[in-house]
Amino acid sequence: MVDAVVGALVPHSVGTLWLIPALPLAGAAINLFFGNRLGKWAGVLGTATVFLSFVVSVAAVLNLLSYATESRLALQHLFDWISVGGFNVGADLRLDTLSATMILVVTGIGALIHLYSIGYMAEDPRRGRFFAYMNLFVFFMLMLVLGANYLVLYLGWEGVGLCSYLLIGFWFTVPGNAEAAKKAFITTRIGDTLMLIGLALLVFKFGTLDFEVIFGTAGSVLTKDVATVIALLLFAGAIGKSAQLPLQVWLPDAMAGPTPVSALIHAATMVTAGVYLVVRSHVLFEISGVALTVVLVVGVATALFAATCAIAQFDIKRVLAYSTISQLGYMFIAVGMRAYGVAMFFLVAHACYKALMFLGAGSVIHGMHDEQDMRQMGGLRRAMPWTFATFAIGGLAQAGVPPLAGFFAKDALLEVANHTGREVVFVLGTIAAFLTAFYIGRMICMTFLGRERSEAAEHAHESQLVMLVPLILLAVGVVVVGILQLNPDGAITQALEPVVGATALGAGLSVPALIGMAVAVALLSLAIAWWIYGSGRVDTVAFRARLEPMATAAQNGWYFDRAYDVVFVQPAKALARLTSDVFDALVIDGAVNGIAGLVKRSASGGKLIQTGFVRTYALVLFLGAVLVLGFIGVRG
Amino acid sequence: MPLDNVVFWVFAPIAVAAAIGMLVTRSVVYAALFLVVNFGCIAVMYLVLDAAFLFAVQIIVYAGAIMVLFLFVIMLLGVDRIDVRSERLWLQRPIAIVLAIGFVLEVGAAVRAGVGFATHAPVGFEALQPAGNTQAVAEVLFRDYFFPFEATSILLIVAAIAAMVLAQRKVRAITQAELGEELENEAADDVEPEIEVTP
Amino acid sequence: MRTPIAYFLLLGGILFSLGTVGVLVNRNALRIFMSVELMLNAVNLTLVSFARMHNDLGGQVLAFFSMVVAAAEVVVGLAIIVSIYRRRRTIDVDAAREMRW
């Protein structure tokens, strides 16, 4: 069977690539129309399609890897999409090691999350719709990463934005959820629009949107300035989708959606689309040079910013949200340093452990009967041991404790920073790592250690098996991925080289020294976090009070939301009110009513001619006769 | 002084005065009588204009029949008394007078442009009517305008029938009791019907 | 004849105007009718004047017809006025004001 599947994949000809996105699309269609009737089978169907897609992806990737390193490329042309004048865009799919990485992440982690959702959404009457949206999301994400040109990518880009909106606002009857969904959509829209302008520029310059053509000829077609403009516009889209500064405001609020949604979309896949986009377009960024610096700066700023916010959150999901923003910043730091392989590895590792932690958080929330405030938790390791264990693995991975995946990624990143002479990045990156480990430790301690702080915590229970299995599998994955990549020249980054190029390294601190530093920072930070939050020896409330008002500011995301509200939202609302209350009511209604009133008044005036007296009519008659005679007389 | 001139200048002012008198007087009967005078003057005008037949017809038909009819109706309806209600259309009279003056001026201008104030009647009218005016008129009437003549006679018949139908009361045999009642009521309130005041 | 024809025409015009004023100013239906008769007479006078002016007897014949028709018209008109009076007990033309705004 594998041979048959493998044999079907031949470069530049029809293969089975289309199956990979088609399966979830079919699942979405079936669940959309029949989901309610399927009942609990809706979830099974949704999971099955994504799992099958994963299987096909594995087969395809294995086949791809059987080629020689230089020719690991498979293209499939589905149909001619746009053919206008000289501009042609096909619905083309492309499998190289970069997209291979992405589809494995999307389908693999996606399948586990779908499995988890069967349990998590078991009591929701609209779960058919839920699984339809989730499958639809997977479809669009796969189109995004499998696209062989920018237009298919953009199709997926917009599609995941749509599904994100639908899923964030899934429980739309709860006030605030619809607002969060709108916020997500509108904020990413800003980035999307700029990205679209970038695409337009690409068409203008290249006459096509195909990757092969653009990346092959970019060196000769683009000047540095044009490349900068295009790259920055594309990066703007990435800023929106990946919730970087200054468009990061939507992600914390997006936690209003069900936890599996947060895990899939806002941890593992959609938010990483921005990273994928920049890595895919690295040729353009490298021609520009300035663009890469911008990416680097944004990444550093975001990583630090989000880490400070994460420390001050009380909602367990919001900690994870800000943590995601921060880790995405790390990925962009790697990209900005041209360490694309490292960035992609970071993406894969992060997808695993962040999805793990989100699902774990979901398990906690489920067990706490929908309580998300960590101040109400505590001591849950006793009631929910499996959740605790898997969550801890994910957390330690993120903190950078070896031999888990996160350690390798972070260490590789700092190593690149150090070896390429970027001392500022190195220092700031280390500080951010410290903060990262700190808030992870805080989160684990507040949630699982210590004593139960509320009744809900006391009555907490472990989650059902269908929710635990994905947690366990993801935890295993976190460990495995780490082992797969034992240093920056590990298996994954090596595989990516044909696409992204090797990372040039200079000299700096020795590798063992760097490793030692990284581990020390992580362990020290975790220890401090345990001392403050886990040991019970420090009054956490007083501790926080001493850090006011910075603590509250950090909790509120340094008031970005407030600023945007004042600068953009209120004026827009005022304009809307002006238009509706003043312009529409006075001007337009005034004009219409005015015309009606004019007619009425002129009629009221005019009707007075009909006096009813015959004599007046006769008088007018005579008047007319005299006037006519006068006319005739005068004119001769 | 030529006779026709004298006649004209005597009877024309009388005609105008009678017309004005008809307008001004308060009593309807007096108005009718003024109108009779006016008709008479016009009849004389016809005479001056060598239309002897029309002179006679004017007197007979207009003054003798039509005005008599008018006076009959006035007396029948008893509407000779003054109308006391004030005039609602207070602009009517001034505007009417203005327009009338304007009209007269227009006629004057038209006449001056068309005929000219100095033109006299041409000679030769006598030659047209060798056997007298009546004969000549009869010849023209029964020869050239025979069809209108017949049509007019039908018109007269129709008019007579119409008048009879219009003025009909619904008549049924009145019983003795009703007759007695009527006589009683008439004796009791011998009041003439008042002019109705309508809003 | 020494009188210029124009004077007859002018006389006709004056009488016509006076008749019009009578029609417009009076409220009594009978007086209005009488004014109409005056107008008709003025026109007849004009017709006869033109007959004399053009040496054409057609003018006199037309005036004759006019008189006949006027007579018929008076008959019918007075019958109508009588009917109206019987119905409404008034012959004030201002009383019929229903067709108004």
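Trainee: What pLDDT does chain C average?
Mentor: This is a predicted model, where local features need pLDDT of at least 70 and side-chain atom pairs count only at pLDDT 80 or more, while totals for chains, interfaces and linings use all residues. Residues are numbered from 1 along each chain as its sequence is written, and chains are lettered from A and ligands numbered from 1 in the order in which they are written. pLDDT is the predictor's confidence in each residue, from 0 to 100. In chain C, 99% of the residues score at least 70, and the average is 91.

Trainee: Which element gives the most to the side of chain C that touches chain B?
Mentor: Two residues are in contact if their C-beta atoms, placed from the backbone, lie within 7 Å; on that basis 64 residues of chain C meet 77 residues of chain B. The elements of chain C that give two or more residues to this side are α1 (5-25), α2 (29-54) and α3 (58-88), where helices (H or I, at least four residues) and strands (E, at least two) are DSSP runs, numbered from the N terminus. With 22 residues, the element that gives the most is α3(C).

Trainee: How many residues of the side of chain A that touches chain B are nonpolar?
Mentor: Here 10 residues of chain A are in contact with 10 residues of chain B. Ala, Val, Leu, Ile, Met, Phe, Trp, Tyr, Cys and Pro count as nonpolar, Asp, Glu, Lys and Arg as charged, and the others, Gly among them, as polar. On the chain A side 3 are polar and 1 is charged, and the nonpolar residues number 6.

Trainee: Which residue in β2(A) is the bridge partner of A:A74?
Mentor: Chain A has 28 helices and 2 strands. Its strands β1 (residues 74-84) and β2 (residues 87-95) run antiparallel and are joined by 9 bridges; two strands pair if DSSP finds at least two bridges between them. They form a hairpin with 2 residues between them, and A:G85 in the turn has a positive phi of about 60°. The partner of A:A74 is A:L95.

Trainee: Is A:L233 buried or exposed?
Mentor: A residue is buried if 20 or more other C-beta atoms lie within 10 Å of its own, exposed if 12 or fewer, and partly exposed in between. A:L233 lies in helix α9 (residues 224-241) of chain A and, not counting residues up to four places away in sequence, touches A:L194, A:M195, A:I197, A:G198 and A:L201. Because A:L233 has 21 C-beta neighbours inside 10 Å, it counts as buried.

Trainee: How far apart do the C-alpha centres of domain 3 and domain 4 of chain A lie?
Mentor: Domain bounds come from an automatic or database domain assignment, which for chain A includes domain 3 (289-554) and domain 4 (560-635). The C-alpha trace of the chain spans about 120 × 65 × 55 Å along its principal axes. Between the C-alpha centres of these two domains the distance is 69 Å.
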